[in-house]
Amino acid sequence: MNENSGSNAFDVLHEHIAILEELAAKASVEVAKEVSLFKEKTAKAEQKHYQELLPWERVKLARHSKRPVASDYIESLFTDFTELHGDRYFKDDQAIIGGVARFNGQAVTVIGQQKGKTTKENIKRNFAMASPEGYRKALRLMQQAEKFGRPVVTFIDTPGAYPGMGAEERGQAEAIARNLMEMSQLTVPVVAIVIGEGGSGGALGLGVANHVFMLENAIYSVISPEGLSSILWKDATRAQEAANIMKLTAQDLLELSIIEGIIAEPSGGAHRDFETVVFGCKKEIAKSLESFKKKTPEQIREERYQKFRQIG
Amino acid sequence: MVEEFMKKKERKELKAYQIECPDCKETLDNDELLNELNVCYFCGYHFRLNARERMELLVDPGSFEEYDSELTTFDYLNFPDYTEKVKAIKSKTSEKEGLISGKASFNGEAAIICVMNPDFLMGSMGAVVGEKITRAVEKAITLQLPVVIFSSSGGARMQEGIVSLMQMAKTSAALGKLDRSGGLYISVLTDPTTGGVTASFSMLGDLNIAEPNALIGFAGPRVIEQTIRQTLPEGFQKSEFLKEKGFLDKIIDRREMTRFLGDMIALHR
């Protein structure tokens, strides 16, 4: 079985069914009926398969090369997005994008960890592994949101903060720590959605939100399965086993009361039917932002404090 | 490996009351070393301390009043072997968790104090460590006392998974509250402080202080070396390096620590 057998077997089946359907159209009614029956059975089997995905299979979906990235969500969920650049200290880190936009007409600040769609773009964006500048840019935009009373919506999708020499020299730890503290003090509402990989402190740096949602096949964990596997067994190739014990799926996090809700994905992952996922996100963001309208700034801050206060 | 073997070999010739400095290799007298707060009196090498030792050596005698000592580890994820591991480390260290907290004074200046324990699962931060820090900070807000936290940790505790990650947010949020209330927080980073602990409460002091030559960083040196595929320069991620880069206010010798903390607390009163 190859690496992606879980998701690819169905892709192959769908292709074959399409061919069969074409052939069947030219053949008898009975054949067409058989093909349609087969198609139905395949769909049911697929649905069942994805409902019972093992954590590791969700890890693969969360990292799928066709998985929609932060900019896809920003484009589909908001209007008038204007990207704003730079941390005002060092540079513009392209692993994190952010700016101002409207959600159902309401002005908001939007920030996301941005993976690339091509290798070239991924290199430019450092595979969404931010440096301190990225976190400082995000903080600048959040404090701007605070000043102008705009809610903040963040999209989390990173393997982790970048563990490089320059990042250490410029205070990766301090930048993340500062974000955690400052985000906790905002009096505007913050909504976070984990759309792909929620990799450790690097993810949390955008994650101190009033409401945290996860897509059905997103993951969120303290360490990558590969990392845990190499610590536990001195062997990075047992990531699959590690993933299955570390409770990193949306369902796990909901059960641990870390997140507020799960946004459904179509069978096979978000890239299969992006419209459905966007619709789900839109509904949750709208509901969430609506709920804050009756609350005072102090309540909004205190509720966020209590959300994290109660964990553990 | 060879070095370690040599050390062991040499150590055999030491008397029971003697110890060798791992840095300058001088033979040290145990009692004398303790007088110097476990700092080598030849080269200034700071021996690692567990939480009780540090508390005993640095706060005013008899001033420590412990908080939340009953809090003990919970296995949130049903993580393989975790319960057994914790049980073993508990009996080995006679501690219930990886941090002790309470009220104490430095040269007569009262403070809320937390000390991480490197001997307890590498001082990793699980739910209890996060909870004890948060409660201590909240207590400091109520009592209007400054907070001093001594860090030494490998980071978030992987056996508690996402729950341990969230302690980063919880502790930082509590410190945000303290900050807003005008309270003083002095963070003292000791060898080693890395990962999710550095990337949360350890870097958030009004004053960030470190002991000399302590390893302080976000990613561990090995992870960085694997990422960039080259060896790190000498002294990278050491206290002196962090101070040079602008992330520490001061490096304080352990033997000066009590007086320094007392002075700073008095100055902020």
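Residues of a lining are classed as nonpolar (Ala, Val, Leu, Ile, Met, Phe, Trp, Tyr, Cys and Pro), charged (Asp, Glu, Lys and Arg) or polar (the others, Gly among them). The model is predicted, with local features needing pLDDT of at least 70, side-chain atom pairs counting only at pLDDT 80 or more, and totals for chains, interfaces and linings using all residues. Residues are numbered from 1 along each chain as its sequence is written, and chains are lettered from A in the order in which they are written.

On a 1 Å grid over the protein atoms alone, a cavity is a set of points where a 1.4 Å probe fits but cannot get out, whereas a pocket is an open set with protein on both sides within 12 Å along at least five of seven lines; lining residues have an atom within 4 Å of a point. Grid points are joined across faces, edges and corners, and a volume is the space filled by probe spheres set on the points.

Three cavities of 30 Å³ or more were counted. The second largest cavity holds about 50 Å³, and its lining includes His46(B), Arg48(B), Asp191(B) and Arg254(B). This lining comprises three nonpolar, three polar and five charged residues. The largest cavity has a volume of about 100 Å³. Of its 15 lining residues, Glu168(A), Gly171(A), Ile216(B), Gly217(B) and Leu242(B) are the closest to the centre. The lining of the largest cavity divides into eight nonpolar, five polar and two charged residues.

The second largest pocket has a volume of about 400 Å³. Asp23(B), Tyr45(B), Asp191(B), Asn213(B) and Lys238(B) are the closest to its centre among 15 lining residues. Six residues of this pocket lining are nonpolar, four polar and five charged.

Conventions:
Side-chain values use heavy atoms; hydrogens and water are left out.
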